[in-house]
Amino acid sequence: MLSLRQREQRQAWVLLAPMLLVMLLLTAWPLVRTIWLSFTDAALIGSGEAPVWTGLDNYLYALGDPDFRASIWRTLYFTVVSVSIEGVIGVLVALLLNQRFVGRNVLRVLVILPWALPTIVNAMMWRLNFNPDYGSINALLTQLGILDGYRSWLGSPDAALNAVMFADIWKNYPLVTLLVLAALQSIPDDLFEAARLDGASAWRRFRAITFPAIVAPLGVALVLRTIDAFKIFDIIYVMTRGGPVDSTKTLSFFVYQESFSYLRAGSGAAYAILMTLMCALLITIYLLMLWHQRRRSAAYEN
């Protein structure tokens with residue numbers, strides 16, 4: 001006779017079984033197949049012969065490829081800078097929207113609009129904004145006297161990646177705002193009132209009350225955005241196609257070209273596996289930082 005807990009556990013596994021089966025078919029099998037391809041010289045278009053086992057040759061070539069290493073640094077720069085700015089802007093906007101003022105609900109709805117836009121639409125919009133002939137960015141900066149003349153933002157190797165990053169930040173900071181705002185609304189007002197009566201400054205209230213309450217959802221938002229930013233592809237494909245002079249060729253775009261432009265499925269799979277491992281490393285570092293911060297917050301509260 002099964003106990004109540006055992007019956008509940010069995011019921012839970014029965015309910016999870018369809019999802020696990022779908023994940024196995026859609027995730028596990030393609031992953032295993034990609035790992036196998038990474039050890040071969042497989043091509044997307046071939047003579048019909050079986051792929052030849054090459055061992056670690058694809059990985060050794062990838063690690064020694066200067067273009068691949070350059071794309072790694074490009075991707076790390078894009079990820080670290082964009083996620084950091086999104087975190088800061090997201091927290092500041094959430095703190096603003098948590099205040100009581102006329103039109104707050106309307107502003108909350110408007111903040112969601114960039115995040116609700118499809119990425120392709122967002123990329124096309126900012127591609128028009130950065131247009132060197134009639135773009136609104138050039139018009140605004142010229143009228144303000146910041147620029148002497150129109151500039152080709154997406155055509156300059158020094159500015160193209162930062163322009164794409166600006167478009168990506170504008171679209172994705174609302175995700176951080178929404179998660180942090182939800183955490184802010186769960187903080188009792190009595191805590192802030194008591195801190196004010198004790199003479200705590202605004203920075204002291206933020207550090208002792210607000211930040212411990214938002215650190216968990218903020219960490220979730222940053223981890224999600226780190227994953228998305230590290231594998232950024234669609235906005236770069238629409239805005240720059242990896243140019244000019246490969247200045248916006250990130251890891252995902254590098255893997256795309258290797259696999260589908262040059263039709264080298266084996267080496268493309270090796271690049272993809274290396275990118276996945278690096279993404280997992282970044283996520284692990286984030287989680288360790290969050291765990292350390294939670295321990296510090298718990299110790300401070302005690």
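Helices here are DSSP runs of H or I with at least four residues, strands are DSSP runs of E with at least two, and both are numbered from the N terminus. Read in sequence order, the chain gives α-α-α-α-α-α-α-α-α-α-α-α, that is, twelve helices and zero strands.

This is a predicted model, in which local features need pLDDT of at least 70 and side-chain atom pairs count only at pLDDT 80 or more, while totals for chains, interfaces and linings use all residues. Residues are numbered from 1 along each chain as its sequence is written, and side-chain values use heavy atoms, with hydrogens and water left out.

**Whole chain**

Start with the whole chain in view. Its C-alpha atoms fill a box of roughly 80 × 80 × 30 Å along the principal axes. Of the 302 residues, 39% count as buried; buried means under 20% relative accessible area, exposed means over 50%, and partly exposed lies in between, using a 1.4 Å probe and protein chains only. A contact means heavy atoms within 4.5 Å. Among contacts between residues at least 6 apart in sequence, 66% join residues at least 24 apart.

Now colour by domain. The domain assignment gives domain 1 as 1-29 and domain 2 as 65-301; such bounds come from an automatic or database domain assignment. The C-alpha centres of domain 1 and domain 2 are 36 Å apart.

**Helix 3 against helix 9**

Select residues 66-97 for helix 3 and residues 202-230 for helix 9. The axes of helix 3 and helix 9 come within 10 Å and cross at roughly 145 degrees. Axes are lines fitted to C-alpha atoms, for helices over the stretch in contact, and angles run from 0 to 180 degrees between N-to-C directions. The crossing of helix 3 and helix 9 is right-handed: a crossing is right-handed if the near helix is turned clockwise from the far one by less than a right angle, and left-handed if anticlockwise.

To see the contact, show side chains on both helices. From helix 3, select T75, L76, F78, T79, S82, V83, E86, G87, V91 and L95; they meet F206, T210, I214, L218, L222, R225, T226, A229 and F230 of helix 9. The residues of this contact divide into eleven nonpolar, six polar and two charged. Here Ala, Val, Leu, Ile, Met, Phe, Trp, Tyr, Cys and Pro count as nonpolar, Asp, Glu, Lys and Arg as charged, and the others, Gly among them, as polar.

Next, centre on T79. Is T79 buried or exposed? T79 is buried, with a relative accessible area of 3%. Neighbours within four places in sequence aside, T79 is in contact with T226, A229 and F230.

**Helix 8 against helix 9**

Helix 8 passes helix 9 in a right-handed crossing. On helix 8, pick L191, F192, A195 and R196, which meet R205, I209 and T210 of helix 9. That contact divides into four nonpolar residues, one polar and two charged.

Most residues other than glycine have a negative phi, and most peptide bonds are trans. Go to the loop between helix 10 (234-239) and helix 11 (251-261), where P244 is found. A cis peptide bond joins G243 and P244, with omega about -5 degrees. V245 is found in that loop too. Phi of V245 is near 55 degrees, a positive value in a residue other than glycine, and V245 counts as exposed at 73% relative accessibility.

Then select L263, in the loop between helix 11 and helix 12. Phi of L263 is also positive, near 60 degrees. L263 is partly exposed, at 29% relative accessible area.

**Two last stops**

Select S136 in helix 6, residues 136-143. S136 is partly exposed, at 39%. Neighbours within four places in sequence aside, S136 is in contact with L128 and N129.

Finish at H292 in helix 12, residues 265-301. H292 is partly exposed, with a relative accessible area of 46%. Which distance separates the C-alpha atoms of H292 and N172? They are separated by 26 Å, for residues 120 apart along the chain.
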